[in-house]
Amino acid sequence: MLEVKHIAKYYGNNKAVSDLSFTVKDGEIFGLLGENGAGKTTTFRIIMGLIDANEGQVLLDGREINYNTTDRIGFVTEERSLLTKLTVLEQLKFYGVLKGLDERTIERDIDNWLEKFEISSYKNRKIKELSKGNQQKIQFISAIINHPKLLILDEPFTGLDPINVKLMKEAIYTLQKEGCSIIFSSHQMEYIEDFCEKLVILVKGHPVVSGMLKDIKEEYGIKNIMLRGEELPLEKIKKVKGVISVSKVRGEIEVKIEDKSVAPKIFSLVKNFNITKYDLVEPSLNEIFIEKVGGIHE
Amino acid sequence: MSKKFWYLTKVSLKKKINSKWFVITNIILALAIILLLNMNSLINFFGGDFDNKIQITVIDNNTNSYNLLKENIKSFSSSLKGENEELKLTVNLSDKSLHEEESNLDNDEIIIVLNNSNKEYLTAKIISEEKIDSVTYQVLSQSLNSTKSAIGMTLNNIDPSILTEISTPVSIDRVVLSDENSVDENMEIIMGSVFPTVILPFFMLTIFLIQMIGGEICEEKTTRSMEIIISNVSPKTHLLSKILASNVFVILQGLLLIIYAIIGLLISTDMLSGGLSMPSDITSIFDSLVSTGFVDKLIYVIPLTLILIVLSFIAYSVVAGILASMTVNMEDFSQLQTPLVFISLAGYYLAIMAGMFNGSILIRILSYVPFLSSFVSPSLYMMGQIGIIDIIISIIVLIIFIYLLLHFGIRVYKVGILNYSNEKVWSKFFKAFKNKDV
């Protein structure tokens with residue numbers, strides 16, 4: 001289990017991270033969100049022991065992070081962190097040994113990983129000769145080759161096509177089942193919604209939203225009603241108290257309401273029309289993110 | 001941690017040695033060194049000869065000084081080229097006319113026409129097809145002057161025994177009272193020709209080392225693999241592994257250069273003499289070195305110089321590593337390393353020109369300065385301007401300097417390797433330098 005307790009990091013007068021706390025239990029996938037420059041990279045660097053926090057502490061299974069504990073952490077950085085002049089085999093061995101594995105163990109495991117990600121034929125090819133997607137796969141394998149206890153994924157699906165995204169997702173779920181704690185960061189909110197039960201949203205180093213995803217959505221209040229039908233009374237719907245907006249989304253009408261108590265009023269308005277869809281849905285994480293992050297900017 | 005240190009060192013070293021450029025560079029270096037040392041044979045092979053004898057034909061127009069001139073040419077030639085060396089000038093008297101000799105003149109022939117003169121005792125004309133090399137011209141000029149003096153003294157009835165005494169070169173017994181370590185001025189001439197050649201590879205390897213360590217750190221930074229590496233090993237371990245790998249590499253490269261030189265000499269020996277004797281030029285230089293006490297001094301100076309060189313390599317690589325950590329790309333490092341290259345260049349020139357600073361306190365102080373000491377100290381010691389104790393002081397200063405560099409520099413390195421911004425870069429590093437908690 002990872003415990004981040006009230007960490008803060010200052011660069012002069014600039015607060016990169018301030019009073020950030022969260023825990024990631026074994027087998028849990030945790031989302032760390034924020035716009036560019038919000039403090040995600042600083043948080044990852046503190047967790048990895050690359051920089052020291054000015055305040056607070058980070059514990060992995062109750063122990064402070066040091067060069068022994070980092071052997072049990074895997075890190076997929078946002079930008080590719082591969083030595084492009086090395087071959088795939090050399091690269092994986094290099095990172096593997098740095099994570100405390102011996103070369104024989106790595107050689108034994110490498111073939112399985114390469115096969116799983118369908119890149120066995122590239123074993124002796126130089127990294128720079130690979131496509132971006134295949135380089136991303138190598139980066140992912142190098143992060144999990146040590147069967148980490150904690151895995152940090154910063155935009156792990158960059159450059160991957162849907163088939164390879166599926167392959168990587170399966171690998172992430174396998175690690176989750178093995179009890180690995182995973183921190184996931186992405187600007188693509190659908191991935192976060194797919195993976196994470198718990199998350200925190202950072203704005204200028206401060207956590208503005210934190211907790212279980214379903215609770216966050218619940219607390220957010222605003223709901224959406226998705227309608228599909230003919231000649232719907234859109235003007236009347238707009239005038240209902242508690243309706244925030246009415247808009248067309250992919251051939252459907254999206255009615256944004258302040259809370260779920262408004263939903264029956266909308267239903268009573270449309271029930272006598274020829275409707276083929278009436279669905280009360282949770283707001284997307286994307287909406288919450290834009291609202292929370294954008295609101296602070298305003 | 002030590003396992004990871006040795007692994008990082010091994011990978012770094014392997015990457016350098018397994019590179020095709022290392023192989024190609026060494027093939028070129030080996031060929032260049034072997035060819036340079038066998039230049040004489042090479043020129044012979046293509047129809048030229050350094051050892052061609054120059055034929056001097058003397059047309060004596062009633063001066064009766066041919067024999068005297070011949071003796072003088074032999075004497076000056078030996079004194080300039082060394083007694084054991086074969087005389088390359090052959091002199092003969094011609095009974096043909098100048099016109100006939102000129103029409104049959106070859107490239108390696110010189111005609112000297114001797115004429116009487118009432119005022120100057122002797123005048124001469126030197127005729128050749130092409131330009132004469134400066135040493136040969138010097139021999140001929142001195143021989144003619146000496147012949148003229150002899151003619152003049154004979155015509156003025158000076159006793160032949162007195163004439164011989166006058167002609168004999170002055171015997172010089174050189175004694176320097178102020179410094180028992182001092183050697184004669186001949187050593188400075190030898191230092192001027194031998195020492196630049198000896199330290200040039202060291203200078204080249206230093207430049208190579210600076211660029212190599214900087215390049216490697218820059219590469220790891222720009223590919224962002226540094227974050228993964230540093231999360232598993234400490235910055236100190238990382239820097240030390242780079243220093244060790246780069247130093248082992250340049251020492252290996254230095255040894256390879258020595259091996260190429262030995263191979264070149266062996267080939268040269270075999271081709272020139274067919275036996276185990278050394279080529280004449282090298283024998284001549286070696287004889288000069290032995291006679292000036294150079295070789296005796298080498299016994300003391302070689303181990304101390306090697307220690308200085310290795311320590312200097314370490315100092316240069318620590319600074320290069322720290323500078324590389326502060327940059328965000330290779331172009332920035334190329335600019336930042338320039339002062340370091342200039343310091344090294346200054347050391348090289350100071351070592352070559354050390355003789356000009358005879359007795360200067362400044363050059364003595366400079367011989368203690370890290371980065372310069374490995375160039376200047378051995379040079380000054382060989383010329384007798386400093387003693388063994390001064391070299392030992394240079395070594396101690398260098399060790400303290402490396403310790404301080406590592407102690408403070410590692411703070412900058414730790415901040416630098418994770419810095420990807422050029423904003424307020426110096427302020428960040430000065431802050432890191434002062435902050436012991438970094």
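What follows is a chat about a sheet, a chain contact and some helices.

Me: Before we start, what kind of model is this?
Reply: It's a predicted model, with local features needing pLDDT of at least 70 and side-chain atom pairs counting only at pLDDT 80 or more, while totals for chains, interfaces and linings use all residues. Residues are numbered from 1 along each chain as its sequence is written, and chains are lettered from A and ligands numbered from 1 in the order in which they are written.

Me: OK, what's the strand order in the open sheet of chain A?
Reply: β12-β13-β11-β14, four strands with antiparallel pairing. Strands are DSSP E runs of at least two residues and helices H or I runs of at least four, numbered from the N terminus; two strands pair if DSSP finds at least two bridges between them.

Me: Which strands stand at the edges?
Reply: β12 (243–249) and β14 (275–281) of chain A; each has a single partner strand, so one side of each is left without a neighbour in the sheet.

Me: How many bridges join β11 to β13 in chain A?
Reply: Five, between residues 223–229 and residues 252–257. A:Ile225 sits opposite A:Val255 there.

Me: And what packs on that sheet?
Reply: Helix α9 (residues 263–270) of chain A, which touches β11, β13 and β14 and makes about 10 degrees with the direction of β11(A). Contact needs C-beta atoms, placed from the backbone, within 7 Å. Axes are lines fitted to C-alpha atoms, for helices over the stretch in contact, with angles from 0 to 180 degrees between N-to-C directions.

Me: Switching topic: how many residues of chain B are in contact with chain A?
Reply: 16, against 20 residues of chain A. On the chain B side, α1 (2–17) and α9 (225–232) each supply at least two residues, and the largest share, seven residues, comes from α9(B).

Me: Now α17 of chain B, where does it bend?
Reply: At B:Gly409, by about 35 degrees, taken as the angle between axes fitted to the seven residues ending there and the seven starting there. B:Gly409 is also among the buried residues of α17(B), including B:Ile391 and B:Leu398.

Me: Last one: is B:Ser427 buried or exposed?
Reply: B:Ser427 counts as exposed, because it has 10 C-beta neighbours inside 10 Å. The cut-offs within 10 Å are 20 or more other C-beta atoms for buried, 12 or fewer for exposed and partly exposed in between, with C-beta atoms placed from the backbone. B:Ser427 is in helix α18 (residues 425–434) of chain B.

Definitions and conventions:
Two residues are in contact if their C-beta atoms, placed from the backbone, lie within 7 Å.
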